[in-house]
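Here's a quick tour of one model, written for someone who likes to check contacts by eye. Keep the viewer open as you read.

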Amino acid sequence: MWNEESAPRRGLLIILSSPSGAGKSTLTQRLRGWDPTISFSISATTRVPRAGEVDGRDYHFMSEEAFKHQVAQGEMLEHAHVFGNFYGSPRGPVQAAIDTGRDVLFDIDWQGAQQIRNSALGQHTLSIFILPPSIAELHRRLQTRGQDSAEVIAKRMQKSWDEISHWDGYDFVLVNDDLDRTEAKLKTIVEATRLRRTQQPGLTEHVRRLQQEFEDSQ
Ligand code: ADP
Ligand code: 5GP
């Protein structure tokens, strides 16, 4: 008999990308609040920590030399140069989560999303792009977040078009107008994708048993 609770699941790599300020971090937190079994891929970066950021929780902060060494050792699943700094997703924790059927959430840019999609894990990837309702609202959100100086905000706004221009490489696109509505849509997408044939390794065995039962009943 099929048992939904004990059916094996393959972990999904859930990628969220957006221009800075569109709501990725907020949606990431909400998704993890909804399902705490989803782990978050803590990126490595060469940028300096912002006030309140904790090493090992928000990012693994490291020198450029250490970063390049890890890339050379093949320890990064993907990596990219963003806003003048290097960012990358360490491979080990992702593989460990996926192997035990847990989903991993990535807050990475379009370059990283593309690399993961084209990797051996590509078939287990769900990529979602978050668009702002308008450029004016994106600017307002960066300002109200209160994390960055006017200069940094201007730099992020300038870069936003570069990120937005890659919206059409993603499986799903959400316009983050009303936060609650976007969160609900995000959960729907994740729940549906978990049912992809390739995410349910127990199906082959189940169909084999159905066949046996069918033949026995003839
Ligand atoms: P990102 O991680 O994409 O840079 P954040 O999640 O930090 O963006 O969101 C930027 C700011 O916008 C935060 O202050 C957040 O509370 C706010 N925000 C996020 N989504 C919405 C929304 N749908 N409506 C209004 N404000 C939002
Ligand atoms: P921030 O400096 O604001 O934390 O992040 C800047 C940008 O880098 C964001 O667009 C974020 O998605 C992206 N980013 C963060 N970590 C990674 C990573 O590991 N890989 C890639 N490719 N991009 C990342």
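## The sheet

A word on terms before the bridge partners come up: strands here are DSSP runs of E, at least two residues long, numbered from the N terminus, and two of them pair if DSSP finds at least two bridges between them. Keep in mind that this is a predicted model.

With that in hand, look for an open sheet of four strands, ordered β4-β3-β6-β5, with mixed pairing. On the edges sit β4 (60-61) and β5 (76-82), each of them pairing on one side only. Strands of a sheet pair through backbone hydrogen bonds, in either a parallel or an antiparallel sense. For β5 and β6 (residues 85-90) the sense is antiparallel, and six bridges hold the pairing.

## A helix across the strands

Helix α3 covers residues 91-99 and lies across β5 and β6. Relative to β6, α3 runs at about 30°.

Side chains of opposite charge can pair when their charged atoms come close. This structure has 18 salt bridges. One of them joins D180 and R30, at 2.7 Å from N to O. That pair links distant parts of the chain, with D180 in helix α7 (residues 179-193) and R30 in helix α1 (residues 24-34), 150 residues apart. How accessible are the two partners? D180 counts as exposed because its relative accessibility is 51%, while R30, at 27%, counts as partly exposed.

Another salt bridge pairs D35 with R194, and their closest N and O atoms are 2.8 Å apart. D35 is in the loop between α1 and β2 (39-40) and R194 is in the loop between α7 and α8 (203-216), so this pair ties together parts 159 residues apart in sequence. Buried or exposed? Both D35 and R194 are buried.

R50 is partly exposed because its relative accessible area is 22%; D148 counts as buried, since its relative accessibility is 15%.

Which residues belong to the network around this pair? Salt bridges with shared partners connect R47, R50, E53, R145, D148 and R156 into one network.

Conventions
Residues numbered from 1 in each chain as written. Chains lettered and ligands numbered in written order. Predicted model: local features only at pLDDT ≥ 70, side-chain atom pairs only at ≥ 80, totals over all residues. Heavy atoms only, no water. Contact = heavy atoms within 4.5 Å. Axes fitted to C-alpha atoms, helices over the stretch in contact; angles between N-to-C directions. Salt bridge = Lys/Arg side-chain N within 4 Å of Asp/Glu carboxyl O. Buried < 20%, exposed > 50% of the residue type's maximum accessible area, 1.4 Å probe, protein only.
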